[in-house]
Amino acid sequence: MQEVTATSRHYVDRLFHPDPQKVLQGVIDMKNAVIGNNKQKANLIVLGAVPRYLSLSPLPLTECVVVLGSLAMGTENNIKSLVDCHIIPALLQGLVCPDLVFIEACLRCLRTVFISPVTPVQLLYTDPTVIPHLMSLLSRSPRTQDYITQIFSHCCKSPEHQTVLFNHGAIQNIAPMLISLSYKVRMQALKCFSVLAYENTQVSMTLVNGKTTFPFYFSLPASLSLPFLSLPPSLFLFSPCLPLSSFSLPTLPCLVRMCSKERLLEERVEGAETLAYLMEPDVELQRIASVTDHLVAMLADYFKYPSSVSAITDIKRLDHDLKHAHELRQAAFKLYASLGSNDEDIRKKITETENMMDRIVSGLSESSIKVRLAAVRCLHSLSRSVQQLRTSFHDHAVWKPLMKLLQNAPDEVLVMASSTLCNLLLEFSPSKEPILESGVVELLCSLTQSDSPALRVNGIWALMNMAFQADQKVKGEIVRALGTEQLFRLLSDPDTNVLMKTLGLLRNLLSTRPHIDQIMSSHGKQIMQAVTLILEGEHSIEVKEQTLCILANIADGNTAKELIMTNDDILQKIKYYMGHSNAKLQLAATFCISNLIWNEEGSCQERQDKLRELGFVDILHKLTQALDPNLCERAKTAMQHYLA
């Protein structure tokens with residue numbers, strides 16, 4: 001260490017020599033000494049080489065800037081030290097020099113500094129003259145184009161940054177780079193556009209509609225080689241207001257070809273992720289892609305990296321394969337998820353692909369969180385298939401790794417995993433019974449207490465599916481684990497989806513007469529209070545319809561129906577909704593009355609007399625003339641109960 005320090009001091013001392021030629025030679029020697037030597041770089045920074053470099057003027061400074069760039073390629077601590085020495089303002093000031101080689105050196109160093117996560121990107125925007133000057137330098141050379149677009153891409157972190165770059169002509173200045181002869185320049189231009197357009201409607205509309213920009217995208221296949229079409233997925237994340245179909249279909253064949261094993265691994269990742277995004281909302285695109293160039297089978301090759309070590313003699317290739325293995329699996333899972341999100345035949349084709357279910361199960365326990373998330377997305381997509389739930393999912397016991405994944409995962413994984421679990425808990429799923437036996441109720445109840453609305457929805461949704469046609473033991477376990485306090489808290493949840501699923505759970509719990517009577521005997525007062533509040537509140541038609549359906553279930557109970565008959569407020573609300581302008585609400589309210597007047601047991605006469613006194617018979621008579629056939633039929637059935 002002492003030897004390295006002494007050598008470093010010798011280099012720094014030479015920077016202070018009175019002879020300019022010896023200083024320049026010292027800079028050149030230092031440039032050679034720091035290559036690949038992080039210790040040497042750190043020592044030179046500590047010994048004050050950076051301030052001295054910045055003060056060396058009017059010497060030809062290109063070599064100094066090259067050394068600064070080399071120092072910046074060291075550790076993050078090196079970057080912090082360079083920033084603290086105010087290297088960024090000095091380099092930006094150097095861009096006014098007329099010497100192109102010097103400008104390129106400054107830009108290269110700035111690029112290296114700004115792509116580091118420890119560099120405050122706001123430093124690029126402090127001086128309002130910097131961005132327009134960088135725009136003016138774009139056309140100087142391919143190198144200035146490469147470095148400046150990289151700087152823009154890494155320093156555009158907010159809508160405000162997008163606006164600044166857009167207002168200074170980023171689109172118009174970068175657009176000509178799309179037909180550059182340099183592949184690197186073209187790719188950097190595309191990446192820069194992707195960052196500028198990300199969730200930004202103004203930039204997106206300009207890219208799509210601009211005469212000087214977007215037509216380049218569609219001239220690509222005819223004018224240039226396929227690698228030009230390695231579009232970053234975020235390039236298509238323009239804005240929700242833009243129709244993806246307008247440019248999805250023209251690019252689809254090229255993107256599919258990018259997934260073939262002849263392409264670079266990086267291109268295969270980009271191609272698959274872009275396809276996954278473009279196809280997700282479009283059933284027709286999914287069908288077209290699934291039969292294009294054997295895409296489903298082609299993606300199976302993504303899981304074969306890295307190749308077996310024995311077959312690899314090139315250590316660099318092994319390192320390269322290892323680096324991209326996770327990205328390839330993630331991209332494949334994403335694309336399979338999009339492909340299978342709607343079509344049953346495509347899902348079948350995916351599950352029949354070589355070892356596919358085993359790969360998904362393995363993916364659920366991978367070390368990479370991104371791969372785990374993509375794998376569970378794929379599983380969720382396939383779980384929409386009744387056939388797959390009954391066959392592949394059951395054969396591979398996918399519920400086991402899914403339950404393990406739910407135990408300790410970030411929210412984004414929990415949301416997708418719990419969505420998948422909802423499907424596995426459907427009544428016709430063979431996985432439902434073993435999941436119930438695994439003690440899942442407590443886990444799902446804990447999800448309903450999450451701060452995330454998506455997790456609350458999924459937790460209550462899964463409980464709703466679990467309660468469907470369940471026996472009294474399962475229903476009792478749900479009520480005990482959830483607790484009446486939490487159940488009624490969910491009934492006042494501000495998120496409509498949570499409220500709807502909670503009403504769905506309550507409706508499933510209150511099915512079959514013994515279950516209805518038992519639950520209402522212990523929780524009837526609170527349930528009737530919650531129903532009243534919802535019917536009085538400012539809720540959607542769907543929420544109120546579901547609430548009236550719950551009342552109809554209560555009215556079907558043997559003893560529970562008395563909670564309605566003795567509650568004049570509830571009876572008046574049912575009467576009001578029987579005369580509502582919405583046929584769905586009228587039908588649900590009529591079901592309530594139909595169940596209340598059902599004359600199966602002897603006590604019906606008293607109820608019928610009371611309802612007649614309150615005017616329900618007159619309303620039913622009017623509804624027998626309703627235009628809605630279902631409502632008309634239900635009203636006639638109810639009238640027959642009276643006449644029987």
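These legends accompany a set of close-up views of a predicted model.

Local features are described where pLDDT is at least 70, side-chain atom pairs count only at pLDDT 80 or more, and totals for chains, interfaces and linings use all residues. Residues are numbered from 1 along each chain as its sequence is written, and side-chain values use heavy atoms, with hydrogens and water left out.

**View 1. Two neighbouring tyrosines, Tyr576 and Tyr577, form an edge-to-face pair.**
The structure holds two aromatic pairs. In Tyr576 and Tyr577, the ring centres are 4.9 Å apart and the planes stand at 75 degrees, so this pair is edge-to-face. Rings of Phe, Tyr and Trp (its six-membered ring) pair if their centres lie within 6.5 Å, with planes under 30 degrees apart called stacked, over 60 edge-to-face and the rest tilted. Which of the two is buried, and which exposed? Tyr576 is exposed, at a relative accessible area of 52%, whereas Tyr577 is buried, at 3%. Here buried means under 20% relative accessible area, exposed over 50% and partly exposed in between (1.4 Å probe, protein chains only).

**View 2. Lys501 sits over the face of Trp461.**
Look for Lys501 at 3.9 Å from the ring centre of Trp461. A charge counts as over a ring if NZ of Lys or CZ of Arg is within 6 Å of the ring centre and within 35 degrees of the ring normal.

**View 3. The second largest pocket draws on helix 7 and helix 9.**
This pocket holds about 260 Å³ of space. It is lined by 13 residues, and those closest to its centre are Pro89, Leu92, Gln93, Asp127 and Val130. Helix 7 (87-94) and helix 9 (130-137) each supply at least two lining residues, and helix 7 gives the most, with four. The lining divides into eight nonpolar, four polar and one charged residue. For this count, Ala, Val, Leu, Ile, Met, Phe, Trp, Tyr, Cys and Pro are nonpolar, Asp, Glu, Lys and Arg are charged, and the others, Gly among them, are polar. A pocket is an open set of points on a 1 Å grid over the protein atoms alone, where a 1.4 Å probe fits, with protein on both sides within 12 Å along at least five of seven lines; lining residues have an atom within 4 Å of a point. Points are joined across faces, edges and corners, and the volume is the space filled by probe spheres set on them. Helices are DSSP runs (H or I, at least four residues), numbered from the N terminus.

**View 4. Salt bridges join Arg287 to Asp343 and Arg263 to Glu267.**
The structure holds 18 salt bridges, each a side-chain nitrogen of Lys or Arg within 4 Å of a carboxyl oxygen of Asp or Glu. The closest N and O atoms of Arg287 and Asp343 are 3.0 Å apart. Arg287 lies in helix 18 (residues 283-290) and Asp343 in the loop between helix 20 (315-339) and helix 21 (344-351), so the pair ties together parts 56 residues apart in sequence. Arg287 is partly exposed, at 40%, while Asp343 is buried, at 12%. The side chains of Glu267 and Arg263 meet at 3.1 Å, N to O, and Glu267 is buried at 4% relative accessibility.

**View 5. Arg513 and Asp556 link distant parts of the chain.**
The closest N and O atoms of this salt bridge are 3.2 Å apart. Arg513 belongs to helix 34 (residues 513-536) and Asp556 to the loop between helix 35 (541-555) and helix 36 (562-565), 43 residues apart. Arg513 is partly exposed, with a relative accessible area of 25%, and Asp556 is partly exposed at 25% as well.

**View 6. Asp293 and Thr512 are loop residues with positive phi.**
Most residues other than glycine have a negative phi. For Asp293, phi is near 50 degrees. Asp293 is in the loop between helix 18 and helix 19 (295-299), where it is partly exposed at 41%. Thr512 has a phi near 70 degrees. Its place is the loop between helix 33 (496-509) and helix 34, and Thr512 is partly exposed at 45%.
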